[in-house]
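Reader: I am new to looking at protein structures. Could we go through this one together, step by step?

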Amino acid sequence: MRLSPDEIIFWQHGFFKLNATILFTWGVMLILAVGSKLVTHRLSTDLNRTRWQNLLEIIVTAIMKQIKEVGLHHPEKYIGFLGTLFLFVGTAALCTVIPGYEPPTGSLSTTAALALCVFVAVPLFGIEDQGVSGYLKSYVEPTVVMLPFNIISEISRTLALAVRLFGNMMSGAMIIGILLSITPFIFPVVMTLLGLLTGMVQAYIFSILAAVYIAAATKARKEKIEG
Amino acid sequence: MLIDWFTVIAQALNFLILVWLMKRFLYKPILRAIDQREKLIAAELADAAATKSDAQKERDEFQHKNEIFDQQRAALFSKATDEAKSERRRLMDEARQAADDLSAKRHENLKNDAQILNQAIIHRTQQEVFAIARKALADLAGTSLEERMLDVFLGRLKTLDGEEKEQLTSAIKSTQNPVVVRTRFDFSSAQSAATESAIKDLFGAERQIRFETDSELISGIELVTDGHKVAWSITDYLTSMENGIAELLEDKDKPEADVAPAPEDEHGA
């Protein structure tokens, strides 16, 4: 039983390898980049615009709105990171309708990579916002005693992010795989639909959690709590 | 092993590349387009607001002008109405005055015509009456009437009042011309003698008396000397009667003119 697309290896040379995870990730990246490029290639700035542009505008403004609701007052600063997280995870889940495709987010390596990115991005945004000392001070609040617990919290939540997304995506693929061997026709279709929903929910959860962590690390979040 | 560290590193790099790609091809252009559109909409809204405000201003101005125009029109209308009324009143007054004048003039003319006609009728009647009377008397005139007239004449000479008698006497005495006695018919010799003796008795002077006939005298006798005349004639009666009737007519006309109604009253009726 294959648990992860990492195990499908097309090419390997020592430490370097080209597995299905990386390949499908490139595919998703290609879809996103080329799709965006095609639509934004000729953007209209007046009141008449194409429906594709409209769709992208809806997606972008919805992401901006979500980020703002979390408490980040300048969403345009964070949309590059948070929006891409959502779009990548969401697109990876939506592409499960393509036969033969396996979501790269069903690989713990991918989710770990994403979680590591979040793990690095949170202190970076925090330092950018309140300076190194300001950010580091947040670890000893309310008291110094809380320092180890804060560090444990940082690590554990990163682990939780990775495992949560991997578990959900992998289980979806697993269930479909198992059901295909038992009831090959109707049931897998229903489960695929459910998998699409689960994928979108996971994309939302992942990016929102990342937004919340960033908001917690930045001053804006702090002001809101104090207020 | 569930985690392949090469894959982790590769996926992290992939993700960072994707972030860059998305920023480059999606977020920046889309956000810029949205910003530009919002600016455009804001500009258009501002433009619309300015246009609306201009329109409002123009509307207010127009309304203000309209109100002023209405007021001016009302004032002009009222002025014109007043002028027309006063002009009408003046014209009416003039017309009424002219009508009154005309009416008065016509009334006057009618009155004059009536008076003239009346006078003509009266005159004609008078003449006719007198002509009839003269004719009748002329027809009746004869010797016996002459005798009777002579008696009356002589009686009158005798009954002259003192002053008149003195004047006549002195006139007869002072002149050398004969005293003329004029009648309609020739006197008989007896009549002539009686007349002569009567004159002599009365005036006490010896004067030649000449007897003349005059067809104008209807029935009467005249005694004429220089500057004095004593006469008796029915013509005298008729003449005095004519004068009396004429006076009566004049008296009758005067009150009529006085009671003529005023033109205004006549018009008002």
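Reader: Where is A:Pro142 found in chain A?

Author: Happy to start there! First, this is a predicted model, where local features need pLDDT of at least 70, side-chain atom pairs count only at pLDDT 80 or more, and totals for chains, interfaces and linings use all residues. Residues are numbered from 1 along each chain as its sequence is written, chains are lettered from A and ligands numbered from 1 in the order in which they are written, and side-chain values use heavy atoms, with hydrogens and water left out. Helices (H or I, at least four residues) and strands (E, at least two) are DSSP runs, numbered from the N terminus. A cis peptide bond, with omega about -5°, joins A:Glu141 and A:Pro142, and A:Pro142 is found in the loop between α4 (108–137) and α5 of chain A.

Reader: Is α5(A) roughly parallel or antiparallel to α6(A)?

Author: Axes are lines fitted to C-alpha atoms, for helices over the stretch in contact, and angles run from 0 to 180 degrees between N-to-C directions. The axes of α5 (residues 147–182) and α6 (residues 186–217) of chain A come within 9 Å and cross at roughly 175°. Angles over 145 degrees count as roughly antiparallel and those under 35 as roughly parallel, with 65 to 115 roughly perpendicular and the rest oblique. So α5(A) is, relative to α6(A), roughly antiparallel.

Reader: What is the area buried between chain B and chain A?

Author: Contact means heavy atoms within 4.5 Å, and 31 residues of chain B are in contact with 47 residues of chain A. Buried area is the accessible area (1.4 Å probe) that two parts lose on being put together, summed over both. Carbon and sulfur atoms give 78% of the area buried between chain B and chain A, which is about 3500 Å².

Reader: Which residue of chain A forms a salt bridge with B:Arg37?

Author: A salt bridge is a side-chain nitrogen of Lys or Arg within 4 Å of a carboxyl oxygen of Asp or Glu, and between chain B and chain A the count is 2. In one of the salt bridges in this model, the closest N and O atoms are 2.9 Å apart, and the partner of B:Arg37 is A:Glu57. B:Arg37 lies in helix α1 (residues 5–140) of chain B and its partner in helix α2 (residues 51–70) of chain A, so two chains are joined by B:Arg37 and A:Glu57.
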